[in-house]
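User: I have a chain open here and want to talk through how it is put together. Can you take me through it?

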Amino acid sequence: MYGTHFALGGFKNTLKKIRQKFNDYVTLDSWSDGRLILEPSDRHSSHDTLEQTFQDFFQDFTMFSAALVKCSSIASFYNHSTTMKEELFKRQNETGNKENSIEQQVSTRWNSTYMMEESIIKKLDHVNLILSRDEKHKNLQLKSNEAEVLEESLEVLK
């Protein structure tokens, strides 16, 4: 299972942390023959700290990637299943919400990932309930830490 470091820290904080650790680790020395030379500023603990920061980042990114794959699978299932569409619209009507569909991610649309994530997060309770009743697609339910990661990524993707 993936850790929750990413969900607690967020994209922006994780990237800021990497940048700060990198700045702590290297100092810009000079240009030599058109190449920038980087030298360690503190060899005692900075390397371990920088390495741990990158490990945390890759763990976080892995968690985000897994959640994004689930979102894509949910959107695909929704767009190919009239039963799920009808059930989602029924649930939205019962709760007084406007009937909204789940957007599909499209590689040629720059904001489609954002739109897909947002459409799923807004309907997450309904989507998870519908998926929980479908034996074949139960595994697509988003866990709370995955939902947190996706919510934070919406801030970055805006």
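Analyst: Let's start with one residue, in what is a predicted model. Ile 74 touches Met 84, Ile 102, Ile 120, Val 127, Leu 131, Leu 140 and Leu 142, leaving aside residues up to four places away in sequence.

User: Which residues touch the most other members of the largest nonpolar core?

Analyst: Ile 74, Met 84, Ile 102 and Ile 120 do, in a core of 26 residues.

User: Which helices supply at least two residues each to this core?

Analyst: Helix H2 (46–80), H3, H4, helix H5 (124–132) and helix H6 (144–157) each do. H2 gives the most, with nine residues.

User: OK, zoom out. How many helices and strands are in the chain?

Analyst: Six helices and two strands. From the N terminus, the elements run α-β-β-α-α-α-α-α.

User: And what share of the residues count as buried?

Analyst: 34% of the 158 residues. The accessible surface of the chain is about 9,900 Å², and carbon and sulfur atoms account for 51% of that.

User: What about contacts between residues at least 6 apart in sequence: what share join residues at least 24 apart?

Analyst: In this chain, 62% of those contacts do.

User: Back to H3. How many residues does it have, and how far does it reach?

Analyst: H3 covers residues 82–94, which is 13 residues, and reaches 18 Å from its first C-alpha to its last. That is close to the 18 Å expected at 1.5 Å a residue.

User: Which residues of H3 are buried?

Analyst: Met 84, Leu 88, Arg 91 and Gln 92 are buried in H3. Seen down the helix axis, the buried residues of H3 fall within an arc of 100°, so they line one face of the helix.

User: And which are exposed on the other side of H3?

Analyst: Thr 82, Thr 83, Glu 86 and Glu 94 are exposed there.

User: What does the backbone do just after H3, at Gly 96?

Analyst: Gly 96 takes a positive phi of about 75°.

User: Switching to Met 115. Where is it?

Analyst: Met 115 is in helix H4, which spans residues 112–122.

User: What does Met 115 touch, not counting residues up to four places away in sequence?

Analyst: Met 115 touches Glu 103 and Arg 109 on that count.

User: And how far apart are Met 115 and Leu 154 in space?

Analyst: Met 115 and Leu 154 are 9.0 Å apart, C-alpha to C-alpha, with 39 residues of separation in sequence.

How values were computed. Residues numbered from 1 in each chain as written. Predicted model: local features only at pLDDT ≥ 70, side-chain atom pairs only at ≥ 80, totals over all residues. Heavy atoms only, no water. Helix = DSSP H or I, 4+ residues; strand = E, 2+ residues; numbered from the N terminus. Contact = heavy atoms within 4.5 Å. Expected span 1.5 Å × (residues − 1). Buried < 20%, exposed > 50% of the residue type's maximum accessible area, 1.4 Å probe, protein only. Arc of directions from axis to C-beta. Areas by Shrake-Rupley, 256 points an atom, 1.4 Å probe, with all protein chains shown as cover. Core = buried A, V, L, I, M, F, W, Y, C linked by side-chain atoms within 4.5 Å.
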